[in-house]
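The sequence and model are shown below.

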Amino acid sequence: MKEATDTPAAVPRRTFGKTGVSISKLCLGGGSFMGADSQALLDEALKCGVDCWEIVSFTGNAYRDYFKKHPGVREQVFLSAKVSSTDPATMQEQLDKLLDEHGVSALDFLAIHAVDDIRVLTHDVRTWAEKAKKDRKIRFFGVCTHRNMDACLDGAADLGWIDGIQTVYNYRLQSLASMEDALHKCHDR
């Protein structure tokens, strides 16, 4: 029987997309925390090496409060978020709101949520993403996909300007040749 220790095991790391940035394999965020325990949960996440955090509009002031209380932590965290539109004006509105609500000046990764057809990634979307990067509001840009993942991964790899993709993946999808082929294509590009 293994003895318990006070030192938590570090979560393994991997390179995120084609960014070259090493992040924890686990991501904390979304609706996984809210309320009084959120500050303790963020402390524990960092102790365990979970430095990939996702912000959403309904987490309240958890991140804002944490970053105020712990100066310098923001620079240690890979902070991601999602927008729900491909309209550049709406994307800008949603990004500005996220930054303001969470008290940060930039995100490391911004994704368009729930992309199920890669054709929504138009020239206008690319132009907006490039401007957001130039303005230092985001470092990297990509998509999040929950349906037609194999086609979205395959198509995004062909675009050449998508930095990262968040996708559904589990043991059932692992047996689909089209999914495995698309993952390999993304990795190779």
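## The loop between β6 and α4

The model described here is predicted. Ala-114 lies in the loop between β6 (107-112) and α4. The phi of Ala-114 is near 60°, a positive value in a residue that is not glycine. Most residues other than glycine have a negative phi. Ala-114 counts as partly exposed because its relative accessibility is 43%, and the class of buried residues is limited to those under 20%.

Arg-119 is found in the loop between β6 and α4 as well. With a relative accessibility of 66%, Arg-119 counts as exposed. The C-alpha atom of Arg-119 is separated by 8.4 Å from that of Gly-155, although the two residues are 36 residues apart along the chain.

## Helix α4

Helix α4 comprises residues 123-134. Its twelve residues should span 16 Å at 1.5 Å a residue, and the end C-alpha atoms are 16 Å apart, which agrees.

Which residues of α4 are buried? They are Val-125, Trp-128, Ala-129 and Ala-132. Seen down the axis of α4, these buried residues fall within an arc of 100°, so they line one face of the helix. An α-helix has 3.6 residues a turn, so residues three or four places apart point the same way. The cover over the buried residues of α4 includes α3, β6 and β7. On the face turned away from the buried side, α4 carries the exposed residues His-123, Lys-131 and Lys-134. After α4 comes Arg-136, which has a positive phi near 60°.

## The crossing of α3 and α4

Helix α3 consists of residues 88-102, and its axis comes within 10 Å of the axis of α4. The two axes cross at roughly 35°, and α3 passes α4 in a right-handed crossing.

At this contact, Pro-88, Met-91, Gln-92 and Leu-95 in α3 meet Asp-124, Val-125 and Trp-128 in α4. The residues of the contact divide into five nonpolar, one polar and one charged.

## The loop between β7 and α5

Asn-148 is found in the loop between β7 (138-145) and α5. Although Asn-148 is not a glycine, it has a positive phi of about 55°. Asn-148 counts as partly exposed because its relative accessibility is 44%, and exposed residues are those over 50%.

## Helix α7

Helix α7 is formed by residues 177-188, twelve residues that should span 16 Å at 1.5 Å a residue. The end C-alpha atoms of α7 are 16 Å apart, in agreement with that expectation.

Where do the buried residues of α7 pack? They pack against α5 (149-159), β8 (164-167) and α6 (171-174). The buried residues include Met-179, Ala-182 and Lys-185. They cover an arc of only 125° around the axis, which puts them on the same side of α7. On the other side of α7, Ala-177, Asp-181, His-187 and Asp-188 are exposed.

Conventions: Residues are numbered from 1 along each chain as its sequence is written. This is a predicted model: local features need pLDDT of at least 70, side-chain atom pairs count only at pLDDT 80 or more; totals for chains, interfaces and linings use all residues. Side-chain values use heavy atoms; hydrogens and water are left out. Helices (H or I, at least four residues) and strands (E, at least two) are DSSP runs, numbered from the N terminus. The expected span of a helix is 1.5 Å times one less than its number of residues. Buried means under 20% relative accessible area, exposed over 50%, partly exposed in between (1.4 Å probe, protein chains only). The arc is that of the directions from the helix axis to the C-beta atoms. Contact means heavy atoms within 4.5 Å. Axes are lines fitted to C-alpha atoms, for helices over the stretch in contact, and angles run from 0 to 180 degrees between N-to-C directions. A crossing is left-handed if the near helix is turned anticlockwise from the far one by less than a right angle, and right-handed if clockwise. Ala, Val, Leu, Ile, Met, Phe, Trp, Tyr, Cys and Pro count as nonpolar, Asp, Glu, Lys and Arg as charged, and the others, Gly among them, as polar.
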